[in-house]
Amino acid sequence: MQSLRTAHNSTISETFRYMVQREGLLRPIRGMSAVVLGAGPAHACFFATYEHCKLTLSQMTRHRHDHITHGLSGCLASLIHDAVSNPAEVVKQRLQMLNSPYRGVWECARHVYRAEGLRAFYRSYGTQIAMNVPFQALHFVTYEWCQSVLNPARKYDPRAHALSGAAAGALAAAATTPLDVCKTVLNTQESAARADGLLEAASQVMRATGPLGFFKGVQARVLYQMPAAAICWLTYETFKHMLGNTKEDESTNSGAGGPPPPSLSSSPSPPLAAALRLAAASTEVPATNTLTRT
């Protein structure tokens, strides 16, 4: 819907129908393999950075500014996430454009690299950061606030996690749609005039579609981000809960009736055994001292 070349993208149903009629039934899922390749490592880096930053900043501020801590942690995590995911995003969007000449991920990546160089994969990185920093700040603040309302005990609650994620994703997606439109222009380079930055992309959108063009695809973006954010947060909280329980079980087993640590169960080395026997002999007391008076 954010393409500047077609007029058949005013609504979701019109875009979907035109897409299927022109390029087949499987056209709507084109670019999925690029998403799969980029999403795993990008999200792993994202959540690892978020948890580390949240813990560090919370300790520094002594939990006095939690909203600022959550928002700033999301922004820092976004910088790492976008550095990993931006090349996959470029390939995905070029595959999804109308009448795309590419048949697969690797063909598209090779063609882009040969024609435009490595810089093409990071041409939209600045715009991606300009979009995702406020996106993630709003996303995490909204998620944590919804959690405080729906799940104040902060226990594992799948319904609360899913609802909070959906609300956070929808609000953040709607607010950052104009930047997403500019990012699409930079990634796809559909116009004859090349756009090398956010301002040039914004001017192309303004000339082609006017001010309303900055909100093209806002409904589709919100409908996409709501289930995506809900599934993402639910999966993350589920694994976090499972791993937390596993660590608790291991500590419980080792502390009460579980198998002793390897260092204690194995026989000591000969020098250590001799030292232990010598210490035991020096601390022996006469047997009469152990008798109790009756």
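The axes of helix 7 and helix 8 (residues 198-209) come within 9 Å of each other and cross at roughly 100 degrees. The model is predicted, so local features need pLDDT of at least 70 and side-chain atom pairs count only at pLDDT 80 or more, while totals for chains, interfaces and linings use all residues. Residues are numbered from 1 along each chain as its sequence is written, and side-chain values use heavy atoms, with hydrogens and water left out.

**Helix 7 against helix 8**

- On the helix 7 side, the contact (heavy atoms within 4.5 Å) is made by Leu179, Val181, Cys182, Val185 and Leu186.
- Helix 8 brings Leu198, Ala201, Ala202, Gln204 and Val205 to this contact.
- By class, the residues of the contact of helix 7 with helix 8 are 9 nonpolar, 1 polar and no charged.
- For these classes, Ala, Val, Leu, Ile, Met, Phe, Trp, Tyr, Cys and Pro count as nonpolar, Asp, Glu, Lys and Arg as charged, and the others, Gly among them, as polar.
- Axes here are lines fitted to C-alpha atoms, for helices over the stretch in contact, and angles run from 0 to 180 degrees between N-to-C directions.

**Helix 7 against helix 3**

- Helix 3 (residues 66-96) and helix 7 (residues 177-188) have axes that come within 9 Å and cross at roughly 85 degrees.
- Helix 3 is therefore roughly perpendicular to helix 7.
- In this pairing, Glu89, Val90, Gln93 and Arg94 of helix 3 meet Lys183, Thr184, Asn187 and Thr188 of helix 7.
- The contact of helix 3 with helix 7 has 1 nonpolar, 4 polar and 3 charged residues.

- Thr188 sits in helix 7 and counts as buried at 9% relative accessibility; buried means under 20% relative accessible area, exposed over 50% and partly exposed in between, with a 1.4 Å probe and protein chains only.
- Leaving aside neighbours within four places in sequence, Thr188 is in contact with Gln93, Arg94 and Met97.
- A polar atom of the Thr188 side chain lies 2.7 Å from the backbone oxygen of Thr184.
- Gln128 belongs to helix 5 and, at 4% relative accessibility, counts as buried.
- Lys183 is one of the residues that Gln128 touches, along with Asp82, Ser85 and Asn86, not counting residues up to four places away in sequence.

**Ser164 in helix 6**

- Ser164 is found in helix 6 (residues 158-175) and counts as buried, at 0% relative accessibility.
- Not counting residues up to four places away in sequence, Ser164 touches Tyr143, Cys146, Gln147 and Leu150.
- With Gln147, Ser164 makes a side chain to side chain polar contact of 3.0 Å; such a contact is a pair of N or O atoms within 3.5 Å, where within protein one must be able to donate a hydrogen and the other to accept it, and residues adjacent in sequence count only if both atoms are side-chain atoms.
- Asn151 is 13 residues from Ser164 along the chain, and their C-alpha atoms are separated by 9.5 Å.

**Loops and positive phi**

- Most residues other than glycine have a negative phi.
- Arg154, a residue other than glycine, has a positive phi near 55 degrees.
- This arginine, Arg154, lies in the loop between helix 5 (125-150) and helix 6, and its 42% relative accessibility counts as partly exposed.
- Gly24 follows helix 1 and has a positive phi near 100 degrees.
- Arg30 is found in the loop between helix 1 and helix 2 (32-61).
- Between Arg30 and Leu95 there are 6.6 Å in space, C-alpha to C-alpha, although they are 65 residues apart in sequence.
- Contacts of Arg30, leaving aside neighbours within four places in sequence, are with Glu23, Leu95, Gln96, Ser100, Tyr102 and Arg103.

**The chain as a whole**

- The protein chain has 11 helices and 0 strands; helices (H or I, at least four residues) and strands (E, at least two) are DSSP runs, numbered from the N terminus.
- Of the 294 residues in the protein chain, 38% are buried.
- Among contacts between residues at least 6 apart in sequence, 68% join residues at least 24 apart.

Definitions and conventions. Parallel < 35°, antiparallel > 145°, perpendicular 65-115°, else oblique.
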